[in-house]
Amino acid sequence: MFELRKDIFADERDDNLKEIGQPTQRQDMLGHVTGTSTYYDDHRIAGLLHLKVLRSPHAHARIRSIDDAAAARAPGVKRIIRAADVPVNLNTLLSLIQFGKDDEPSLANDIVRYKGEPILGIVATSERAAIEALGLVRVSYDQLPAVFDVEEALKPGAPSVNATYPKNTFEYHGKYDHQKLRYGDVEAGFAQADVVLEERYQMSPIEHAPVETNGSIAVPDTNGRFVVYTSTQALFFSLDTAAKINAVPSNQLHFIGGTVGGGFGGKVDTMTEPLVILAARLTGAPVRYRFSRHEEMQFGAPRGAERIYVKDGVMRDGRIVARKVRAYFDSGAYTRLSSYAVVKCVAHIPGPYTIPNAHADVYCVFTNRTPATAMRGFGVTALDFALECQMDKLAVAIGMDPIEFRILNAYRDGDMKAHRREAKNCALIECAQVAAEKANWPLREQFRRMSSRIGGGADRTAAGVDRSRAPTPAAPARTAAAAPQRVAYERPAPPAPTPPPARGAPPPPPSPPAGSTHGAPRFSSVFGTRRR
Amino acid sequence: MKTPVQFRLNGEDVAAFAESGANLLDVLREVVGDLSVKGGCWQGSCGACTVLIDGAPRLSCLTLAESIAGRSIETAAGLRRGAELHPLQIAFMERFAAQCGYCTSGMLMAAKALLDRNPSPTREDVVEALGGNICRCTGYEPIIQAVLDAASGDRRRRA
Ligand code: FES
Ligand code: FES
């Protein structure tokens with residue numbers, strides 16, 4: 001139940017909350033429990049045809065020839081759709097916001113780059129007729145070497161997966177093969193640290209597995225328009241993508257979405273609409289393209305695999321003084337949304353902690369695997385998995401309570417983040433305190449007293465500021481009175497008492513790395529420009 | 001080849017022509033027009049298509065349409081009596097036991113089959129009865145609680 005802690009958030013909200021804190025019924029709930037909510041497939045359409053696609057059995061192969069003559073003559077078959085029928089047969093999803101180059105065909109032309117890539121479509125009077133006709137298509141392939149591991153894909157001599165990005169890395173700002181974060185001097189941080197810990201984390205691809213599979217129905221309307229019922233999570237995005245691939249003005253397409261039978265990010269990729277519209281245009285009839293469960297599980301885009309190396313330097317008094325991250329996002333054979341996931345990932349490094357020296361290199365890598373897409377916090381989720389595992393390991397390594405360790409390092413209002421933005425409205429300390437309280441996890445008094453509002457700012461250090469080292473021009477003036485909150489921590493059984501070092505070197509002034517115009521100071525969006 | 005099939009659907013007599021080899025799921029949705037029945041896998045693994053055949057929960061995607069001649073089918077569309085919701089429907093609403101709603105019809109029918117034969121199930125009974133139904137949204141707990149609520153008739157237990 002909702003509980004507003006006025007002791008912590010005294011001036012956050014009015015007290016006369018009318019909706020927050022009260023359960024509110026979903027507007028679609030009555031439809032759900034009576035079986036009357038309308039999903040895309042809940043339209044009975046006379047004369048409906050069915051589209052199924054032939055998929056590559058190989059992870060990487062050159063198509064030598066396709067013989068669809070027998071399929072074309074099979075009972076119920078109305079039309080075969082080949083790569084040459086697709087008006088604009090190269091697209092990338094984020095081209096709608098000018099991010100990335102067109103790299104993915106709707107139907108493979110000459111080379112298939114992942115197992116399950118669509119090659120050809122068959123429109124027939126029933127799903128069964130379409131599936132049976134698919135079995136009559138003869139394709140001959142020359143298999144090509146394939147690569148399935150992100151780090152293997154970056155080695156010299158690795159097979160080149162994606163013709164648009166022959167080096168197997170997405171290209172940022174037209175020239176960079178990865179996204180960087182540089183803040184402070186991470187090597188100096190490691191040199192200063194009492195303990196340095198480096199670990200490797202790997203997240204598997206995860207299939208969203210919505211109970212309703214991806215699908216859509218295109219119905220020819222009057223005036224050359226098409227009504228499209230779709231399971232999409234991204235209605236206008238899908239509309240514009242389908243318009244681009246079909247080379248029709250978007251006002252010829254009338255998309256109707258609404259109730260989605262589970263998405264979780266797996267229904268943003270416009271996987272069915274462009275071809276189903278094309279099928280309706282080529283046949284003049286309404287057509288449905290519905291993924292089978294097998295297609296959904298095997299070829300529907302999953303959450304991408306991510307490999308993350310984290311190296312941290314930590315002091316025995318609990319302060320993290322350096323964090324270095326090297327990560328690889330497995331985009332699969334084409335871009336979809338992993339390029340953007342990398343941007344989100346770098347924006348999240350070093351996690352919600354004040355670390356004076358942070359360094360990251362994150363790559364969006366192409367492999368011969370199913371293209372990956374959005375899923376519930378993608379870009380951040382796997383990184384947090386890695387960072388929070390790492391936080392626990394670091395706490396153990398220095399013999400500190402893991403929650404107190406997080407409280408000590410958490411962002412506070414006024415801290416300078418690694419992206420040179422000041423932290424505001426921080427609440428991790430309070431969240432950790434409440435979580436500990438609810439779990440009956442004992443925190444020592446000084447950690448229960450700590451607050452996101454006290455002690456933040458670049459000049460807060462463990463033992464006063466070493467002002468001989470370059471001060472931060474951007475740092476707001478702070479009173480020294482705020483400092484003791486952060487310095488009170490001492491180990492229960494102190495080891496060889498080294499003098500507590502300063503809380504890291506103050507960050508350098510916010511200037512971009514020499515020779516680079518990209519990234520650092522205005523980091524935020526996929527455009528590399530500041531939002532808000 | 002089409003075969004005429006007669007059966008009862010939610011208490012009404014229905015006659016339909018089924019394509020030979022067609023499954024009950026397709027016939028209910030595409031021939032009869034009962035769209036409350038959902039397909040999620042068409043291969044017997046998700047439970048979304050669960051209907052009651054003579055009171056027993058069955059996967060309509062794996063049921064040959066021709067085999068149901070003369071039998072009585074219940075689907076989610078027939079759960080409520082006029083404007084009055086079934087206690088399971090009320091409990092599902094109050095417990096927020098549906099999010100996307102796609103599994104809900106099948107869950108309701110599997111739960112109804114349980115309550116019809118065992119009006120006071122234990123939590124284990126409920127878990128067992130819903131074991132063939134996949135939900136990717138709710139995490140199951142609200143659904144289990146809703147079925148227990150409906151069984152006990154205590155809709156206020158949540159406080
Ligand atoms: S559609 Fe019948 S079990 Fe999934
Ligand atoms: S509510 Fe979405 S699958 Fe159950």
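Residues are numbered from 1 along each chain as its sequence is written, and chains are lettered from A in the order in which they are written. In this predicted model local features need pLDDT of at least 70, side-chain atom pairs count only at pLDDT 80 or more, and totals for chains, interfaces and linings use all residues, while side-chain values use heavy atoms, without hydrogens and water.

**View 1. Chain A, secondary structure and burial.** Chain A holds 14 helices and 15 strands (DSSP runs: H or I of at least four residues for helices, E of at least two for strands). Of its 532 residues, 54% are buried (under 20% relative accessible area, 1.4 Å probe, protein chains only).

View 2. Domain 1 of chain B brings 16 residues to the contact and domain 2 of chain B brings 12 residues (heavy atoms within 4.5 Å).

**View 3. The salt bridge between the domains of chain B.** The rule finds 1 salt bridge across this interface (side-chain nitrogen of Lys or Arg within 4 Å of a carboxyl oxygen of Asp or Glu). Strand 3 (residues 50–53) of chain B gives the largest share of the domain 1 side that touches domain 2, 3 residues.

Methods
Buried < 20%, exposed > 50% of the residue type's maximum accessible area, 1.4 Å probe, protein only.
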